[in-house]
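Please look over the model shown here before reading on. The notes after it are grouped by topic.

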Amino acid sequence: MTIFSPNPVRFIEDALFCSDPFALSYSDPDQKWIIRQHLLSLLNDFPSLRPSVSLFTHNDGTAVTLLLATGDLPVSPPVPLTIWVHELYPHVAPLVYINAPIHGRHPFADPTSGATTSAYTATWHFSKSSLAGLAHNLTRLFCHNHPLCWPTTNKAGGYSDRWAHPSLASRMEASDRLACSLYYDSTAILDRVRREVEELAAVQAALRERSEGLAIAVRRLEGERRGLKSRSDEMCEEVDRLQSWLRVNATANSGCAAVDDVFEGADGWSETAMDLMAADQAVEDLMYKLEAAVGAGVVSFGVYLKQEPLDMHISGD
């Protein structure tokens with residue numbers, strides 16, 4: 001439950017110094033006076049903020065009752081936020097949360113929780129830091145890097161720089177500027193690396209697919225190689241058997257085997273065909289011999305034409 005009051009001074013004093021059961025989680029009296037002073041200074045510099053009291057739960061589950069200031073920072077457009085005064089303030093920095101959706105890339109604000117951090121809170125020192133100083137620092141930061149709007153880009157494609165000249169910036173402003181530059185540079189590098197990783201992943205997937213195709217082709221070729229080797233072995237065995245048969249038959253017949261003993265018909269038709277072929281070949285051989293005899297003058301041309309009996313005109317063979 002959050003409690004507000006139209007009179008900030010009266011409200012802060014009543015809240016800090018009230019007793020149980022409504023006491024806040026600030027136990028040290030000196031601490032309470034510091035909180036009062038810092039809160040009043042904050043409200044004086046930023047009238048758009050107003051104090052209140054509410055229950056705050058830490059990440060470890062601890063619940064405390066704290067003072068807070070809620071309102072809009074005077075930037076364009078305004079940034080609604082809540083500044084919680086930590087129970088150990090001023091030794092621990094306040095907790096700042098933005099009460100509006102944050103764009104996805106901001107160096108000082110978490111888009112999920114709205115929590116805000118900066119060099120001012122990171123280097124918080126109770127003797128030099130204050131609520132008003134924190135609010136002024138956030139105002140400068142959000143003027144240059146608004147948490148509710150995407151940053152604009154310049155002609156070169158980078159994020160526009162609306163900071164003052166570095167020589168005019170304080171040490172804190174220079175630190176914030178450096179943090180912004182590093183954040184946006186690292187974001188750009190991460191985006192580029194992410195794109196390169198995606199491209200390399202696509203190339204890797206394509207290479208893996210090609211590798212699988214090549215593996216299939218290699219296995220197919222290996223199977224064909226084994227088949228050809230098996231066929232080659234079978235043919236070598238056939239050659240060995242044929243050479244063995246030739247050696248055995250050549251030895252048995254002493255190289256004088258008759259042609260008729262080597263070839264034989266598989267059936268009667270084959271035997272008849274072989275006899276006819278042999279007769280035809282014999283006639284052709286005879287005609288060839290006659291022509292040779294005529295050419296050599298052994299047989300007269302007239303006899304050759306008249307087809308006279310050969311035994312009467314052949315003088316010798």
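This is a predicted model: local features need pLDDT of at least 70, side-chain atom pairs count only at pLDDT 80 or more; totals for chains, interfaces and linings use all residues.

Residues are numbered from 1 along each chain as its sequence is written, and side-chain values use heavy atoms, with hydrogens and water left out.

**Overall make-up**

- The protein chain has eight helices and six strands, where helices (H or I, at least four residues) and strands (E, at least two) are DSSP runs numbered from the N terminus.
- Read from the N terminus, the order of these elements is β-α-α-β-β-β-β-β-α-α-α-α-α-α.
- Of the 317 residues of the protein chain, 26% count as buried, a term that stands for under 20% relative accessible area, with exposed meaning over 50% and partly exposed in between (1.4 Å probe, protein chains only).
- Taking contacts (heavy atoms within 4.5 Å) between residues at least 6 apart in sequence, 50% join residues at least 24 apart.

**Helices**

- In helix H1 (residues 8–17), the residues Phe11, Ile12, Ala15 and Leu16 are buried.
- These four cover an arc of only 120° around the axis, which puts them on the same side of H1; the arc is that of the directions from the helix axis to the C-beta atoms.
- Helix H2 (residues 29–45) and helix H4 (residues 131–144) have axes that come within 7 Å and cross at roughly 35°, the axes being lines fitted to C-alpha atoms, for helices over the stretch in contact, with angles running from 0 to 180 degrees between N-to-C directions.
- On the H2 side this contact is made by His38, Leu39, Ser41, Leu42 and Asp45, and on the H4 side by Leu131, Ala132, Ala135 and His136.
- Helix H4 also holds Arg140, which is partly exposed with a relative accessible area of 33%.
- Arg140 and Pro74 are 66 residues apart in sequence, and their C-alpha atoms are 10.0 Å apart in space.

**Aromatic rings**

- The structure holds five aromatic pairs, counted where rings of Phe, Tyr and Trp (its six-membered ring) have centres within 6.5 Å, with planes under 30 degrees apart taken as stacked, over 60 as edge-to-face and the rest as tilted.
- Phe56 and Trp84 form a tilted pair, at 4.9 Å centre to centre and with 55° between the planes.
- Phe56 lies in strand S2 (residues 50–57) and Trp84 in strand S4 (residues 79–84), so the pair ties together parts that are 28 residues apart in sequence.

**Cis peptide bonds**

- Most peptide bonds are trans.
- The bond from Ser76 to Pro77 is cis, with omega near -5°, and Pro77 is placed in the loop between strand S3 (63–73) and S4.
- A cis peptide bond also joins Tyr89 and Pro90, with omega about 10°, and Pro90 lies in the loop between S4 and strand S5 (95–98).

**Cysteines**

- The count of disulfides comes to zero, a disulfide being a pair of cysteine sulfur atoms within 2.5 Å.
- Cys18 counts as partly exposed at 26% relative accessibility, and Cys236 is partly exposed with a relative accessible area of 43%.
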